[in-house]
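Trainee: I've got a structure open and could use a hand reading its packing. Can we walk through it together?

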Amino acid sequence: MDSIFRGTGDFVLRHELDRLSPTPAISVRLATRRQLADLVAIARREVPGVSVSEVGLDQFLGGDPESIFAFERAGKLLGGIAFLHLNCRGHDALLLDDIDLKDPSREFLARPDEEVSAIYVWALACRGRAVVGLANVAEYLRKLRFIGADFFAQPSTTAGRDLLVAIGFRPIPSFQPGLWHYQRPWNRLPPNMPASIFSTGSIADARH
């Protein structure tokens with residue numbers, strides 16, 4: 001499935017992803033299998049022409065329980081976001097346009113116990129202000145497994161592109177057409193500055 005972005009006209013985030021403040025207004029949790037049918041229904045309703053299926057989401061959730069998040073408010077499901085957690089080979093394949101993003105080979109995906117090299121936004125569909133839940137997702141993805149991984153995405157709508165701009169993504173040159181990139185703040189080393197001067201503690205501090 002191609003990346004899906006359904007922006008909201010009444011609320012736009014205006015800070016880069018890792019600087020957003022988590023909100024208690026939206027509950028963000030790892031999705032469960034019982035939520036998949038409803039997530040598919042939301043995606044199909046919010047984004048005309050989407051081909052996402054419950055079977056497809058179930059396969060990804062089974063392969064990596066941390067790949068799909070659900071957004072809720074007052075117990076009501078508002079949408080969700082799904083990621084491809086790529087290993088080093090998958091990261092290279094993404095940049096070289098050598099990966100089928102609709103049905104990626106398992107060889108390109110990080111194992112659940114493996115550190116992630118790149119995070120690809122596979123799908124995002126949500127209603128109204130549920131988009132503020134992205135801050136909660138970003139907080140979760142500052143865990144050790146994901147901390148070194150930059151984000152990548154391919155917006156399929158104008159609203160999706162505007163959302164990416166608002167949270168710090170930029171288009172980058174690559175063999176993969178229409179690829180956008182968000183570099184984590186702690187990965188932005190000044191030119192000619194060796195990474196060895198940063199301790200593990202200083203990197204952790206930069207996350208907050």
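This is a predicted model: local features need pLDDT of at least 70, side-chain atom pairs count only at pLDDT 80 or more; totals for chains, interfaces and linings use all residues.

Trainee: Let's start inside. Which residues have the most contacts inside the largest nonpolar core?

Mentor: That core has 32 residues. Among the elements supplying at least two residues each are strand 2 (68-73), strand 3 (76-86), helix 4 (134-140) and helix 5 (158-166). The residues with the most contacts inside the core are Phe71, Ile81, Phe83, Leu134 and Phe151.

Trainee: How many residues are in the other core, the one apart from it?

Mentor: Look for Val40, Leu57, Phe60 and Leu84, which are among its members. As a rule, nonpolar side chains in soluble globular proteins tend to be buried together. This other core has 29 residues.

Trainee: Now the rings. What kind of aromatic pair do Phe69 and Phe83 form?

Mentor: A search of the whole structure turns up 7 aromatic pairs. In this one, the ring centres are 6.0 Å apart and the planes are at 80°. Planes over 60 degrees apart count as edge-to-face, so with its 80° the pair of Phe69 and Phe83 is edge-to-face.

Trainee: Where do those two sit, and are they buried or exposed?

Mentor: Phe69 is in strand 2 and Phe83 is in strand 3, 14 residues apart. The cut-off for buried is under 20% relative accessible area. Phe69 comes in at 2% and Phe83 at 3%, so by that cut-off both are buried.

Trainee: Which residues do ring pairs link into a cluster?

Mentor: Start from the edge-to-face pair, Phe69 and Phe83. Ring pairs link these two with others into a cluster. Its members are Phe69, Phe83, Tyr140, Phe146, Phe151, Phe169 and Tyr182.

Trainee: Over to the loops. Is Ala74 buried or exposed?

Mentor: Ala74 is in the loop between strand 2 and strand 3, and its phi is near 55°, a positive value in a residue other than glycine. Exposed means over 50% relative accessible area. Ala74 has 86%, so it counts as exposed.

Trainee: Last one: why do the buried residues of helix 1 line one face?

Mentor: They are Leu36, Leu39, Val40, Ile42, Ala43 and Glu46. They pack against helix 2 (54-63), strand 2, strand 3 and strand 4. Seen down the axis of helix 1, they line one face because they fall within an arc of 160°.

Technical notes:
Residues are numbered from 1 along each chain as its sequence is written. Side-chain values use heavy atoms; hydrogens and water are left out. A nonpolar core is a set of buried Ala, Val, Leu, Ile, Met, Phe, Trp, Tyr and Cys residues joined through side-chain atoms within 4.5 Å. Buried means under 20% relative accessible area, exposed over 50%, partly exposed in between (1.4 Å probe, protein chains only). Helices (H or I, at least four residues) and strands (E, at least two) are DSSP runs, numbered from the N terminus. Rings of Phe, Tyr and Trp (its six-membered ring) pair if their centres lie within 6.5 Å; planes under 30 degrees apart count as stacked, over 60 as edge-to-face and the rest as tilted. The arc is that of the directions from the helix axis to the C-beta atoms. Contact means heavy atoms within 4.5 Å.
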